[in-house]
Amino acid sequence: MYSHETDFFDKKRIALLEHFSLQLALTFNYAQDREHLERYRLLAEDSLEIILFVQPDGRILDANEAAVKRYGYTHEELTSIHIQDLRLNDDRIVLLDQLQGAKDGIKFECLHRCKDGSIFPVEVSSKGATYRGNQIVISIIRETTERKNAEAMIWLQKERAQVTLDSIGDAVITTDVNGIVDYLNPIAESLTGWTNTEAAGQFLEKVFQIVNEDTGAPAVNPIVRCLREGRIVGLANHTVLIHHNGRKIAIEDSAAPIRDRQGKVIGGVLVFHDVSDKRNLMRELAHQAQHDALTGLPNRLLFNELLNQALAQARRKKSRLAVLFLDLDHFKLINDTMGHNMGDLLLNLCSERLQLALREGDTIARQGGDEFLVLLPDILQMEEAASITERILDIFLKPFSLDGNEVFISPSVGISLYPNDGDDLETLVKQADAAMYYAKEQGRKNYQFFTPELNFRAHERLSLENSLRKALERDEFVLYYQPQVDFDTGCIVGLEALIRWNSAERGLVSPNAFIPIAEETGLIVPIGEWVLRRACAQNVEWQRQGFKPLRIGVNISARQFQEANFIETVAQVLYETNIDPQWLEIEITESIAMEKGETSVEMLHRLKELGVRISIDDFGTGFSSLNYLKRLPVDTLKIDQSFVRDIQVDDNGEAVITTIILLAQNLRLKVIAEGVENETQWTFLKDKRCDEMQGFFFSKPLLAEEIERHFLIPEE
């Protein structure tokens, strides 16, 4: 605005000066008296500008009314002083020789002082003229206070804007209406690699190169759209800036048009900032949300997304796919014996091997714990799924090295097929899960395809589980007792309590059907406590009735033994039933005794301190060493019935039994043989000096009332 006004006033002032000079020349050249000068001065009176007529020696010859008013002198005072008396600290004197050759005169700025001492800035335009044969100077003086104030304000605003742009955390680039760069702030210099000096005058596309982060394709420059459309434009997502040295920087930005007072677009401003850390964090969070923290494999969430995509593609192409549900066999034993750190290491090693067994395009995900899900898209026949699964089983034939120890582990795998076994995610995963459980039932270390029969079995198992949860409330459990007989005397010396489930809906349910489910669901803990309490209470009741005391054996499951308060539970039952601890025998399997190493040894010693007896059930099927066995505070070894069945069938069975009996004798432990069913077994065990036996050869498990009638002896 001020440049236009300045040009306008300059032209006006020059024209006025030329007019006055011409009139003066005419007047002074042809008129010989002062009246002519007066007449000319009258011409200047109408001007709002200050007009001074200065003699060659610098004395003011004349002045118009505007000069009189502004300087505060009377006309007589003003025309009696020197021009330098009006100037402030200015040695410049417009001499006539300075005007020689300056046809259009000269212009300059300086400060003038009023009579009262006040000072104001002026702009002076001077031109020479002739008066009575002598040269004089005519000066038109314009006060510039307002302009100077305005310029100062503009400068201040500009400085403030400059400081602001230089200090803000965002990068700023401004361009003209053609997209030519005219300014970069320090942050923009840092992010682009261009200095402000280098970038000025360059096309923005050269300084601000942006591409798509994923494809590398050039991205649309927002300034171009901003200038074309006259509105604020944001940058597309996933955009990166190419630094001058080629480095890529993730950015977010927006561009806005710069308008003049009439609203016309005269340039653009681009504001952007580095979001590399933010974008990396978002990628990391997205990865964490979709991947397993331990193995780095896709988690169930991502697997579901990929499976849904594969199903959509299979429907379009009318192709097949397979879902594998994989579970590691006896993985819990690794955690319990070697620790969770080794268990985590094993899971990582397994995930690495599994990935090597799959095709490109297949997906493996960790479901949780020791379970994995595998997606096999685009399979032609079920045989192809079987072939890949066999390859998975083969990679587990080699041992895993855990802290210098070789460990063998195998998977059980269930397979479901699309579209045969289901057409949605939930169904296919459920069917594969059911098939995996069937593989477990078939002895583990194998794979099974889903069949409608398995679906029935799965529903049956779920129904059985639901009924089992209600069995305790309905008091549907009952205890049977199997006698344990001394080989030397032929007398009953103990009883083993065995649980049965007399379901109101299903009748008598075999322990083989419901005990595994109780173990998996954790129901074995309250059921096991019920057995312990009921057996102790029954033993006390028999003694109260006057029968001779017998020890009673109660099986403890691995899940019970792992409970933090197991010892306290046993102590509470002993207290509440008021049984003498010597008549209770806690039976744990060899594998349970081995599972937690020193922890198991400590727990068994705490049990022993309660006064109860401890026996190792199913002895011979585990891997306990003689040194470890010597440290266990046990009273009895129970030979597993599988060895008893092999008597006269397999020499190995007889050799194992002989070894166990000799071992027990050396350790001064009693030996009980389980599952004795015929006279041959009886005779062999008696000859080998086995202490006790139990089995159908003597009696099957009986209810408490039958035990009372046939085997209990009154106290003398």
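The model is predicted, with local features requiring pLDDT of at least 70 and side-chain atom pairs pLDDT 80 or more, while totals for chains, interfaces and linings use all residues. Residues are numbered from 1 along each chain as its sequence is written, and side-chain values use heavy atoms, without hydrogens or water.

H19 covers residues 524-544; helices here are DSSP runs of H or I with at least four residues, strands are runs of E with at least two, and both are numbered from the N terminus. From first to last C-alpha, the 21 residues of H19 reach 30 Å, close to the 30 Å expected at 1.5 Å a residue, where the expectation is 1.5 Å times one less than the number of residues. Just after H19, glycine 546 adopts a positive phi of about 100°.

I turn now to a helix pair. H12 (residues 300-317) packs against H16 (residues 425-441) at about 115°, their axes 10 Å apart; axes are lines fitted to C-alpha atoms over the stretch in contact, and angles run from 0 to 180 degrees between N-to-C directions. The two helices are therefore roughly perpendicular, a class spanning 65 to 115 degrees. Arg300, Phe303, Asn304, Leu307, Asn308 and Leu311 of H12 meet Leu425, Leu428 and Val429 of H16, contact being heavy atoms within 4.5 Å.

Finally, the chain as a whole: its secondary structure comprises 28 helices and 29 strands, and 46% of its 716 residues count as buried.

Notes:
Parallel < 35°, antiparallel > 145°, perpendicular 65-115°, else oblique. Buried < 20%, exposed > 50% of the residue type's maximum accessible area, 1.4 Å probe, protein only.
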